[in-house]
Amino acid sequence: MPELNLIEAVNLALRSEMQRDAGVLVLGEDVGRNGGVFRATVGLLDAFGEERVIDTPLAETLIAAMAIGLATQGFKPVAEIQFSGFTYPCIDQIVNHAARYRHRTRSRLSCPMVLRAPNGGGIHAPEHHSESVEATFAHIPGLRVVAPSTPARAYGLLLAAIRDPDPVIFLEPTRLYRLFKQAVEDNGEALPLDTAFVEREGQDLTLVSWGAMMQDARAAADRLAEEGISVELIDVATIKPLDMDTILASVAKTGRCVIVQESPRAGGWASEIAANIAEHGLLNLFAPVLRVSGYDTIMPLARHEALYIPDTERILAEVRKVFEFAPKA
Amino acid sequence: MSHSSPAVERVAQFEVTYTQYLDPEGQPRAPLPDFAQDAEELRRMYRAMVQTRAFDKKAVVLQRTGRMGTYAACLGQEAIGTAIGCALRAEDIFIPAYREYAAQLLRGVRMRDILLNWGGDERGMHYEGCAIRHDFPLSVPIGSHVPQAIGVAYALKLRREPRVVLASCGDGATSKGDVYEAISSAKVWNLPLVFLISNNQWAISLPRGRQTGAQTLAQKAFAGGLPGEQVDGNDVIATRAVLAAAIERARSGGGPSLIEAITYRLHDHTTADDARRYRNEAEVQEAWQRCPVKRLKQHLEARGLLSASDEAALQQEASAFADQAAEEFLATPPASPAAMFDHLYAQLPKQYEWQRQEALARGLKPGH
Ligand SMILES: [Mg+2]
């Protein structure tokens, strides 16, 4: 089984599904000859030709709109936006059309498209290249929002996203693209959407995250294990629709929960998770649910981004507050 | 050292033409195209325009009497919709804005369904049982449907299907980046695509002259490498002829083009608008002289193709159709409250099932 990093796993999933399904098309800026600015689409032009691997003009609204048009005709377009901060010009298309064609026409037309973009900071890039946009899209009815955190999940969830009959916003963790490798089998098997993954079982605290922040959550769980605290680690994976059953079952077991997100705090998806726990799991809690998040400010440029993005220490600090409130018996 | 002028050469040159066959009194200005030699075909086109006008009038009445929501009338623009409906083949794909009812009716959309949509029922754009079900629904946001035509036309080309996409929008939409991105990219892939701009001189309260300083809207095509031309959009013969040429050029691999059809919005923007706040009544009265229905009627009469009794019969039939459509619309019971969830996804995620159930239960309570 090959060891792949996350960007290679994305490439493998695209190649694998394009091989299986002639209706799968890739489009976006520099995705053809250049193989994508992160090389997610490298080799696809040679393998599948320029009709199926489409270098588009430099126009993000057009890319989203073109994907919509292709999807209504039965193709399975996978559009790449080079950074999630450049999905904002697509929002009119995604919110007003992709998410609505099925509803608007009573399923006469539908939009089985994927919009892929690297999401989050930590790569010392210019302004607009480090945004965390998942909550913005997750607010929109009719969409799915997916954020993998490992190469294997990137492969399996991207297959699922392409096969899904409705629009999926697929947000890849930019700073994990080449951070580590993992065995990824090209077996063509999709992972389930709408399902959170219990990555590590534990008894004392439920730690919930997604995307790139999962890596810091893993490190925090390791540190806590050394201190004798058993963490149940959950990768939300599909942001929308949110698998609260898995999170609530874990909280019922542990009684403590900390949620980690990179995006600004107010109106972030951690808030949605915390509200659901308050509504459905209050009596299982020993302590308030705490959030670790980015700040309610503009994502800073490179010199300050490490101060903005939550890290293991910030996660540990919030976890310690939980145990101060409700010490382990 | 001597002064010398830089070498300046002309590297591109553009020209915008304007086509008209019938003058405002219905007199031919040139030999008519083949379809207009055919009396039956001309009468079919006139019938479509008369029916559209009767439908439009009925829809406004339904709104004014509180039986339907906000409606965007097409009064004065019946020729453009009729030309689209006649120039496209059934297998072509029409991506409309929201005033091309004549085209929709000719392509088999039922009047009842158009009323259902404006009357607040999503089933109006399902086109159940209609002959053509691959057209796009009305698009309420301005211009954002136009770049989708790139993807649709790309799909047809990729499948080597001899089909054409026609995307229409108004004069206001040409100010939007979405429309520019579509025009700018269409020629890159030489797509089988026609852009039609219905320039009705007004975007709610903003007149055409304040939308852009461009002399014509047709010239916007040139920036994208497309042919662009104007046509008299109140002359149904000219509009159909110009459209048909563009459509068949696109079908035979000649690529995309753009047509600006010049017309006039005789009604308020919608039933929620009062154009007297911003528009001179004399301008509207003057525009009535160029009414497209009157023009074709006078032409038919002059050729002896429409008698007074023919006209009376057509008007009566059109009113009856509109009345019947209104009755069907009003007699259609609301969908189940679950309908707001039933086409959100191919299969509703279990996460939202409780909301669907709650809506269903609330719908059963008195007062709903
Ligand atoms: Mg207008």
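Residues are numbered from 1 along each chain as its sequence is written, while chains are lettered from A and ligands numbered from 1 in the order in which they are written. Local features in this predicted model need pLDDT of at least 70, side-chain atom pairs count only at pLDDT 80 or more, and totals for chains, interfaces and linings use all residues, with side-chain values taken from heavy atoms and with hydrogens and water left out.

Begin by selecting chain A, which has 12 helices and 14 strands, where helices (H or I, at least four residues) and strands (E, at least two) are DSSP runs numbered from the N terminus. Colour chain A by burial next, since buried residues make up 64% of its 329 residues, buried meaning under 20% relative accessible area with a 1.4 Å probe and protein chains only.

Now select residues 4-179 of chain A, which UniProt lists in an unreviewed entry as "domain: Transketolase-like pyrimidine-binding"; such annotations may be inferred rather than shown by experiment. The end C-alpha atoms of this span lie 10 Å apart, and the span is 36% helix and 16% strand.

Finally, move to chain B and select residues 46-333, where UniProt places "domain: Dehydrogenase E1 component", also from an unreviewed entry. Here the end C-alpha atoms lie 34 Å apart, and the span is 44% helix and 11% strand.

How values were computed: Buried < 20%, exposed > 50% of the residue type's maximum accessible area, 1.4 Å probe, protein only.
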